[in-house]
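Reader: I would like to learn how to read the pockets of a protein model. Could you walk me through them?

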Amino acid sequence: MPRIEIPFNGGTTESESVVISNQRSVNWYPTAEGLGAKTKLSLRPTPGMKKLFNAGLGPVRSKGIKFNGKAYFISNNKLIEIDSGITSGTEVGTLNTSSGRCVMAASPTELLIVDGTDGYRWDGGTFSTISDPDFPAATHIAWLDFYFIANNSGSGKFNISNLNDGTAWDALDFATVESSPDDILAIHTTLNEIWFFGDDTVEVYYNSGNNLFAFDPIPHGILAFGIGAAFSVAENEAGEVTWLASTNDVVKARVGSFTIVSDTDMGWNIDSQAKTDDAYAWTYTQAAHTFYVLTLPTADKTLVYDMRENFWHDRKGFEIGRHRASGHIYFNGKHVVGDYANSKFYELDLDTRTDDGTTIERIRRGVIISKDRINLECSRFEIAFEPGVGTVTGQGVDPQAMLRYTHNGFEWSSEIWRPIGKIGEYNNRTVWDGLGSGEQFQFEVKVTDPVKPVLVGAYADLHQIGRAHV
């Protein structure tokens, strides 16, 4: 075989068998290029994290929410208010719990919080615990058409508040989701719909205008995919709802239709974890890509689905298995996230090359290269990076890429480092010579320097050196 372009770039597709597929993209995401581009598929670096401020004691326990021109998160046992300039976070309320996920919902006049134990209200000036004895023990809260909606934990019931008053609840203002006799584990509102998630099914309601009880089920608004992780529900800008199902499939849906977006390899990857019901997720859009970010805390993994490109990739912090971001909000032009382990808040920024000064390790393990079980010799392997991306000073002045390779999927070579190209070195080639022979090749590349390592493509000189084994 002569020198060939290898279909190296792609997403994470780790099969149960490493000799079938063992591809992985960590802190790189695939991007389909336009007509006439040099490559059909590139790998772009995921954003770094630029520290904004510390607030609360940490960890961050919620997604962010907007209310009255401010942004809010839960950090440890504190409600944190972020100013419009995103320069600081102020503690404005104290919860009775300090661990576990929290859910918030906002009307034009009130912000409500539930933590599975109590309910809380913030009106922009006063923080209080909801004292109405009819307020249910809720893990989820939502708002639609001037009503707050809360699940009655441990049952299939949901309750609604009085109109325009999140502190007043009537025990008789409830309904039971009856399509399946399972508990309501999560609630999500989108457009003019309320989605109720159980173990076995999802049922969608709407405001019917009924004088006795405002909400009724949408005809044919039942999906036969329950939820396996109550805090994994997230919505994209197109109004599509995505969650980790009780089957450990990741499902994206609208009323009356759904798509399983986790392929068999990703399904196996998730299903093989010892615990998945503690997963949480959020979505965000950046650089024309919309990402569903799913973190499995016990498994120490963050798996990200690109809704534009239909690829999965991994994100992780340095020397940990998961990404540090525990919740997100797009607020006043910035993607603000909070840390899962401490009190730090950051901006997800494509021009930041570290995670608050900590190394971002980017790894691409490509496809398996073979031909009819014929022994192949690789005399040369080249990765085409965007060249000349070195820094002016410090780490990254002479950025390097590491290569290791395997002939069988189990035994890997030692690491071999080559330069990507100093600043201005636009003709640099990142090349490795004399990589031996075998029935197959699989290459893995890693970059740890704080530069912009766009991976354009890969090429190899492969030569047949014998007949196929019989």
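Reader: Which strand gives the most to the lining of the largest pocket?

Author: Strands here are DSSP runs of E, at least two residues, numbered from the N terminus. Strand 27 leads with 5 residues of that lining. Strands that each supply at least two residues include strand 7 (65-67), strand 19 (186-190), strand 27 (280-286) and strand 31 (325-331). A word on the source: this is a predicted model, where local features need pLDDT of at least 70 and side-chain atom pairs count only at pLDDT 80 or more, while totals for chains, interfaces and linings use all residues. Residues are numbered from 1 along each chain as its sequence is written, and side-chain values use heavy atoms, with hydrogens and water left out.

Reader: What is the volume of the largest pocket, and which residues are closest to its centre?

Author: On a 1 Å grid over the protein atoms alone, a pocket is an open set of points where a 1.4 Å probe fits, with protein on both sides within 12 Å along at least five of seven lines; lining residues have an atom within 4 Å of a point. Points are joined across faces, edges and corners, and the volume is the space filled by probe spheres set on them. The largest pocket comes to about 1,100 Å³. Of its 37 lining residues, Lys63, Gly64, Ile65, His188 and Glu235 are closest to the centre.

Reader: How many residues line the second largest pocket?

Author: That pocket has 16 lining residues, with Lys38, Glu382, Ala384, Phe385 and Asn428 nearest its centre. Its volume is about 240 Å³, and strand 36 supplies the largest share of the lining, 4 residues.
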